[in-house]
Amino acid sequence: MPFITTDHLSRLLSAAEDACGGIVASTSGACHGPPAVFPVDELLRLPPTGEGGARSLLANASFVDCAADLLVDIDTPQDILAAQTRFVPG
């Protein structure tokens with residue numbers, strides 16, 4: 001998620017502190033998810049299922065608003081091309 005700002009990360013960490021170490025994730029409209037802050041003990045209880053494994057924990061999360069264009073996740077070469085088309089002028 002290369003477009004996430006330090007300001008958004010700071011707001012996530014502050015919200016996690018306010019929630020006494022609870023789960024805090026990002027939201028934009030109907031999109032709820034990473035980046036997120038999880039207590040280590042919650043993550044250690046999850047089975048090693050790979051991608052999306054912590055998503056089940058979001059049911060108990062607090063959310064911090066974020067602009068949708070910052071929540072772009074890049075996992076594949078196609079994602080890189082899409083991000084370049086969207087965010088690189090020219």
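Does Asp73 count as buried, partly exposed or exposed, and at what relative accessibility? Asp73 comes out as partly exposed, at 34% relative accessibility, where buried means under 20% relative accessible area, exposed over 50%, and partly exposed in between (1.4 Å probe, protein chains only). This is a predicted model, in which local features need pLDDT of at least 70 and side-chain atom pairs count only at pLDDT 80 or more, while totals for chains, interfaces and linings use all residues. Residues are numbered from 1 along each chain as its sequence is written, and side-chain values use heavy atoms, with hydrogens and water left out.

Asp73 sits in the loop between β3 and α3 (77-87); helices (H or I, at least four residues) and strands (E, at least two) are DSSP runs, numbered from the N terminus. Setting aside neighbours within four places in sequence, Asp73 is in contact with Met1 and Asp79, contact being heavy atoms within 4.5 Å. From Asp73 to Ala83 the C-alpha to C-alpha distance is 9.0 Å, with the two 10 residues apart in sequence.

Now to the sheet. It is open, with 3 strands in the order β2-β1-β3 and mixed pairing; two strands pair if DSSP finds at least two bridges between them. At the edges are β2 (31-37) and β3 (62-65), each pairing on one side only. From one strand to the next, the twist averages 40 degrees. β1 and β2 run antiparallel and are joined by 5 bridges, and Ser26 stands opposite Gly33 in β2. Helix α1 packs on this sheet and touches β1, β2 and β3, its direction making about 80 degrees with that of β2 (axes are lines fitted to C-alpha atoms, for helices over the stretch in contact, and angles run from 0 to 180 degrees between N-to-C directions).

His8 belongs to α1 (residues 6-18) and is buried, with a relative accessible area of 0%. Its side chain makes a polar contact with the side chain of Ser26 at 2.7 Å; a polar contact is a pair of N or O atoms within 3.5 Å, and within protein one must be able to donate a hydrogen and the other to accept it, with residues adjacent in sequence counting only if both atoms are side-chain atoms. Not counting residues up to four places away in sequence, His8 touches Ser26, Pro35, Val64, Asp65 and Cys66.

Ser28, in strand β1 (residues 24-28), is also buried, at 17% relative accessible area. The Ser28 side chain reaches the backbone oxygen of Cys66 at 3.1 Å.
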